[in-house]
Amino acid sequence: MPRAANIPNPLESPGNTASDRAAERREHILAAAERCFARSGFHATSMQQICAEAQMSPGNLYRYFPSKEALITGICARDCEAVTADFTAGGDRDPFEVLSELARHAFDEMPRHKLALRAEVLAETLRNAEIASFYREADATIRDGMLQFVTSAVERGYLPADIDPEQLVELLKVMGDGFLVRRIVDPNFTTRSVAFLGQLLRAAAKPNRSESSEP
């Protein structure tokens, strides 16, 4: 299978250190596997196809990922780290602006093949105990990052003081999963629904913000 055009190959541009080059190779392999899984499905994709997509020999690829399960968990770990970092990076910013940016990325900008892979991984958790276990761990890590984000928003007066941060996080996760599915099945889906949710949260928080701003 020919490799996708215009996909940079880190093997052609060495990094600054051996560690940098190893990280680049891992990301290169994960990106290739992601495209293959999204295109053909987890079970229909062979390691040979992934090698061809990554333009790497089997021996070289197996040094980094010994199986398709290892590739899936590697993709999940990478995405989990990125999502958690996004919430952590929110810092002292307006949480509604942060959520709006994250929603725009997830529901407008994220390539459809990445969305398709998320659905593929979710389906695989029903059949593969190893992937299911890792997915639950990754999901818990993201939940912890979101909980810190929401708790900070409550403490800074952006959300009502009597709100339950854990319940709000669970609600946001459920709705986020639903929005992702809608984007997969509905090509016309946009962030308008997400923006409406942000308006509702802002409206609920207004009394609390005005009280906290009083001298």
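**Reading the model together**

Modeller: Let's start at one spot: Gln55 sits in the loop that links helix 2 and helix 3. Helices (H or I, at least four residues) and strands (E, at least two) are DSSP runs, numbered from the N terminus. Please keep in mind that this is a predicted model, where local features need pLDDT of at least 70, side-chain atom pairs count only at pLDDT 80 or more, and totals for chains, interfaces and linings use all residues. Residues are numbered from 1 along each chain as its sequence is written, and side-chain values use heavy atoms, with hydrogens and water left out.

Biologist: Is Gln55 buried or exposed, or in between?

Modeller: The general idea is a set of cut-offs: buried means under 20% relative accessible area, exposed over 50%, and partly exposed in between (1.4 Å probe, protein chains only). Gln55 counts as partly exposed because its relative accessibility is 43%. Its phi is near 55 degrees, a positive value in a residue other than glycine.

Biologist: How many helices and strands does the chain have?

Modeller: There are 9 helices and 0 strands. Of the 215 residues in the chain, 39% are buried.

Biologist: What share of the contacts join residues at least 24 apart?

Modeller: Contact means heavy atoms within 4.5 Å. Taking contacts between residues at least 6 apart in sequence, 67% join residues at least 24 apart. Arg35 belongs to helix 1, and it counts as buried because its relative accessibility is 14%. Another pair is Glu81 and Ala138, 57 residues apart in sequence and 8.6 Å apart from C-alpha to C-alpha. Glu81 is part of helix 4, and it counts as exposed because its relative accessibility is 59%.

Biologist: Which residues have the most contacts inside the largest nonpolar core?

Modeller: A nonpolar core is a set of buried Ala, Val, Leu, Ile, Met, Phe, Trp, Tyr and Cys residues joined through side-chain atoms within 4.5 Å. Here the largest one has 23 residues, and Ile29, Phe37, Ile50, Phe65, Leu71 and Ile72 have the most contacts inside it. At least two residues of this core come from each of helix 1 (18-40), helix 2 (47-54), helix 3 (58-64), helix 4 (68-88) and helix 6 (112-124). Helix 1 gives the largest share, 6 residues. Apart from this core lies another, of 17 residues, including Phe87 and Phe149.

Biologist: What does Ile50 touch?

Modeller: Leaving out residues up to four places away in sequence, Ile50 touches Ala32, Ala33, Cys36, Phe37, Thr45, Leu61 and Leu71.

Biologist: How far does helix 8 reach from its first C-alpha to its last?

Modeller: The expected span of a helix is 1.5 Å times one less than its number of residues. Helix 8 (residues 165-185) has 21 residues and reaches 30 Å, close to the 30 Å expected. Helix 6, with 13 residues, reaches 18 Å, close to the expected 18 Å.

Biologist: Which residues of helix 8 are buried?

Modeller: They are Pro165, Leu168, Val169, Leu172, Lys173, Gly176, Phe179, Leu180 and Arg183. Viewed down the helix axis, these buried residues fall within an arc of 140 degrees, so they line one face of helix 8. The arc is that of the directions from the helix axis to the C-beta atoms. On the face turned away from the buried side, helix 8 carries the exposed residues Glu166, Gln167, Val174 and Val185.

Biologist: What do the buried residues of helix 6 pack against?

Modeller: Those buried residues are Leu115, Leu117, Val121 and Glu124. They pack against helix 1, helix 4, helix 5, helix 7 (129-155) and helix 8.
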